[in-house]
Amino acid sequence: ALCCDIDYFRFLCQLEKRRSLRTEEADFLGLITISGCRQGLAGKETQAAMETLTRLLQSSLRKGDVFARWNDNQLLILLTLRQRENLNAVTRRLRSQLQELTNQGKVNIEMRFQPLTQTDSFFG
């Protein structure tokens, strides 16, 4: 998967949004949020969790998928799927791989996905 800066990510989202109007593929915009289970994470803990998450996404997602860091504790993902039903398989796989990160008891990870063509997007 491609990790890029947020401006390039926005550009790719706009490109995929236009492309999806002509194709049968389903594009999904995802938001992954890292937070503390009982209290807020310290800066170093958040940074370590984000680095682990970045490495995991680079090795787990397909080559055509793209993600970017949105802020200190959130990542955006752009997934291109042949069928909407495949989203469940992708999220299950990511959740199982993120289990190692969440088993430490300090980190809570929330994932949300929406169709890229949805008008009210995570970032407009």
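User: How many aromatic pairs does a search of the whole structure find?

Analyst: The search finds one aromatic pair. This is a predicted model, in which local features need pLDDT of at least 70 and side-chain atom pairs count only at pLDDT 80 or more, while totals for chains, interfaces and linings use all residues. Residues are numbered from 1 along each chain as its sequence is written, and side-chain values use heavy atoms, with hydrogens and water left out.

User: Why is the pair of Tyr8 and Phe11 called stacked?

Analyst: Rings of Phe, Tyr and Trp (its six-membered ring) pair if their centres lie within 6.5 Å; planes under 30 degrees apart count as stacked, over 60 as edge-to-face and the rest as tilted. The centres of Tyr8 and Phe11 are 6.0 Å apart and the planes stand at 25°, so the pair is stacked.

User: What makes Tyr8 partly exposed?

Analyst: Buried means under 20% relative accessible area, exposed over 50%, and partly exposed in between (1.4 Å probe, protein chains only). Tyr8 has 39% relative accessibility and therefore counts as partly exposed.

User: Why is Gln74 called buried?

Analyst: The relative accessible area of Gln74 is 15%, so this residue is buried.

User: What makes a polar contact with the side chain of Gln74?

Analyst: The side chain of Asn71 does, at 2.8 Å. A polar contact is a pair of N or O atoms within 3.5 Å; within protein, one must be able to donate a hydrogen and the other to accept it, and residues adjacent in sequence count only if both atoms are side-chain atoms.
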